[in-house]
Every structure is written in C-alpha cells, then in structure tokens.
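Welcome, and please open your viewer. We will go from stop to stop, selecting residues as we go.

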Amino acid sequence: MSWIKSRMQEYHPIVWSLVVGTVFVRAASSMSMPFLFLYLSNQTDMDLAMIGLTIGAGPLAGTIGGFIAGTLSDRIGRRRVMLGALYVWTLVFVGFALSKNPLILLLLNMAGGLCRSFYEPVSQALMADVTPPEKRFRVFGLRYTAINVGVAVGPIAGAVLAKTSVALPFLITALIYLVYVISLQGLLNKFGIKQIEGQKKETVTFGRAFSVIVYDKAFRYYMVAGVLGAIGYSQMSSTLAKFTEMTVASGAELFAILMSVNAVVVVLMQMPLTRWAEKKTPLTAIVVGNVMYALGDVGFAYANSWIVFIIGMVLFTFGEILTFTAGDVLIDRMAPEGMRGSYYGAKSFSNLGQFIGPWMGGLLLGLYGGTTLFLTVAAFSMVSSAFQWAGQRVYFATHGKSLNQSRAESL
C-alpha cells in the first residue's frame, strides 16, 4: 500500500486523471471505430472506396486540427479546448449509432478527427504543465502504455456488443466519453486549472508550419516517407477488418483479437525494442521497422487462417513500435531550438496518408482483393525507407553531420 501511495503522489492528480481517462477513452473508441468499415459496409449501400474515403476524412480533418489546436488553446485556454472536444466527440458517436446517411457519416467522421486532434495534443501539453521536466518522459511513457491497455480491451468488448446491435458499441462509447468529460471537468475545476494554464506551449500556426515544408528539403523527404508509411498503417484500422471477414470464418471476431494482439505486443515489447533502438541511429530503427511492416503486410496478403493473421499482426506491431518512437526522435534531433513545435506541427502533414490509405485500400480491396492491397502497401513501406534515407543524405549535406552525431554533441 505504501508503494502505491508513493506512486500516486509522484505525479499531479490531473496527470493520473488523464492517464486513467486515456485507458477508458481508448477502450471505448476501440470498441467502435476499428469496426466502422464493417459497420458502413453492412449497414449502408456505400461501396468500399466510398467507405474508405469516409473513414479517411477523419485523419484529413485532423491534419488541419493539428495546426490550430495549439493556437486556440493559447487563446481560450486548454481546459475549454479539451472539454469542448470531448463533449462534441460524445455527440459524434451518438450520430454514428443513429445515422445511415453517407454525407452525415462523412461529416461525423471529420468532426471526430478534429476532436481527436484538439484533445490529444492539448492533453499532452497539460500533462507537461503539471509535471517537472525530469519526469515528463516517464509520464508520456505512462500515457502510451495506457493507450495500449485500452486498445487491448476495447476491440473484444466491441465485438461482443456488436452481436447484440451494430449500433450498441457506438452508444456505449458515447456514454463512456460523457462520464469521463464530466468527471474530468470536475477535477480540472477542483485543482485550479485556470492558474496552471498560465504556462503556455509554443504556438504552431499554419504559416510557421508551412514554412518548415517550404525551406527544409530534408524534412520534405521525411514527410513523403511519413505519408507512404501512413497509407500502409491505416489499413490496420480500416480495410483489415473487412478483409478478415472476407477471408476466414468469424472474421469480425478475429479482427477484434488482432487489435488486442497489437496492443498487448506494444505493452510487452515497447521497452525491449526501445532499448535496442536507442543503440542505433533513428534511420536504422525506422528502416528495420518498415521491414517489419512489410513482412506483416505480406503475411496478411497470403493469410488463410487465424494463426497466419496473428503472426502478421505481431510482425506489423514490431514495425509500429520502432517507427513511431524513432520518428519522434528523428524530428526532435533535426528541429532547431525554438522551432520544435513548428516541426511537430508540420509532421501532421503525414496524416494525408491516413486519408489516402483507407480510400485507396477500399478501392484496391473492392477491385483486386486483399492480396493485391496488402502487397501494394508492403511495397509502400519499403519505398518509404528510400525517402528516409534520402532525407538523411540531404540533412548530412546541409549540416555537415549526421543526426546521430548531432545527438552525441548534445549529450
């Protein structure tokens, strides 16, 4: 009990509220959103390409939201932005449960993408506001673990609920979001968040973020690589659900298990793979991660049983762990002091891949089948590595040193 008490006192109560809330919010959203492709294909007359376009509209809207969320939170306060996003998000899930109109569903998913892009960066900034700098790395690690604990539980619960009603997971998600936002609002008021909001994060504007793309050639290569990688990664939360349903018996249940396998592997392997990656350059970790993505996609392409799909997901998740972490490290090392916020803001341009991916995936799945789809995105992952390598060469030519040397000099 004393150990638990000391751990609880190590971080601000708002941090724990956001961490615990992250578990429930991610569990709730993963009960419903990964099944949206199935829901739309079974409950509407939309074709697969249109379904992919609808799903991709969320990340596209999030690309815009990623730029304006920081500025808006500086102007009206982080508390208002976070709570407003959660309240609107609640209504979005209610809308998914009640509507079958393609245009309304498209608008709802765009609204959901905006809500995510408003809530998540601002909540991270708030966690940093109430945490000493030396503890922030651990806090964000705690948050990443919480995300995957939620994702490990949510898909299985969603598959069970969907057997009762396809709309039920969306309604349960809305209810959980509503309970969370009301409790969070009470805690933020109790601990005087208005005083905490005096600490502001760096403002990222459209103009400043766009200037990064215009003037930094190496960064442009990295963004192209990010778009290609996102096209492949987005299949996991879009077309993979439909492909498993088309390929094996009880495909919806298998997809729920695959999502949970993804989250469990992240929780178990994050630290071992991160320790390995820390001894390598970011480029090496990203290239190995892209190879893991490609192997996982090839496994999906030729899968004809549950076990092959699961092996493919394990390999795919190794790629996720390596590329997500190394990508953040790479941006951090190449960003000039005072421009870090702008670089991370500009990084959201890679969300274009999350928009293109579901649309392209739905089109390929409908016209040529899953084998062609997943072999194509496996190739995209490998081409992504070529753009990462080109970006490294340009950076080296411009700065006269590698990103790994920059790290050594800063230590």
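Helices here are DSSP runs of H or I with at least four residues, strands are runs of E with at least two, and both are numbered from the N terminus. The model is a predicted one, in which local features need pLDDT of at least 70 and side-chain atom pairs count only at pLDDT 80 or more, while totals for chains, interfaces and linings use all residues. Residues are numbered from 1 along each chain as its sequence is written, and side-chain values use heavy atoms, leaving out hydrogens and water.

**First stop: alanine 128**

Select alanine 128, which you will find in helix 6 (residues 102-129). Is alanine 128 buried or exposed? Its relative accessible area is 15%, so alanine 128 is buried (buried means under 20% relative accessible area, exposed over 50%, and partly exposed in between, with a 1.4 Å probe and protein chains only).

**Next: serine 238**

Move on to serine 238, in the loop between helix 11 (217-233) and helix 12 (239-247). Serine 238 counts as buried because its relative accessibility is 0%. Leaving aside residues up to four places away in sequence, serine 238 touches Phe37, Ile55 and Pro358 (a contact means heavy atoms within 4.5 Å).

**Into the core**

A nonpolar core is a set of buried Ala, Val, Leu, Ile, Met, Phe, Trp, Tyr and Cys residues joined through side-chain atoms within 4.5 Å. Select Leu240 and Phe309: of the 74 residues in the largest core, these two touch the most other members. Helix 5 (residues 78-98) gives this core its largest share, ten residues. There is also a second, separate core of nine residues, with Ala218, Ile331, Met334 and Tyr395 among them.

Back at leucine 240, show its contacts beyond four places in sequence; they include Phe255, Leu258 and Met313.

**Last stop: the rings**

Rings of Phe, Tyr and Trp (its six-membered ring) pair if their centres lie within 6.5 Å; planes under 30 degrees apart count as stacked, over 60 as edge-to-face and the rest as tilted. How many aromatic pairs does the structure hold? There are 14. For one of them, select tyrosine 221 and phenylalanine 387: the ring centres are 6.3 Å apart and the planes at 40°, so the pair is tilted. Tyrosine 221 lies in helix 11 and phenylalanine 387 in helix 18 (residues 370-399), so the pair ties together parts 166 residues apart in sequence. Tyrosine 221 is partly exposed, at 24% relative accessibility, and phenylalanine 387 is partly exposed, at 28%.

Finally, select Tyr233, Phe243, Tyr293, Phe300, Phe309, Phe316 and Phe374, which ring pairs link into a cluster.
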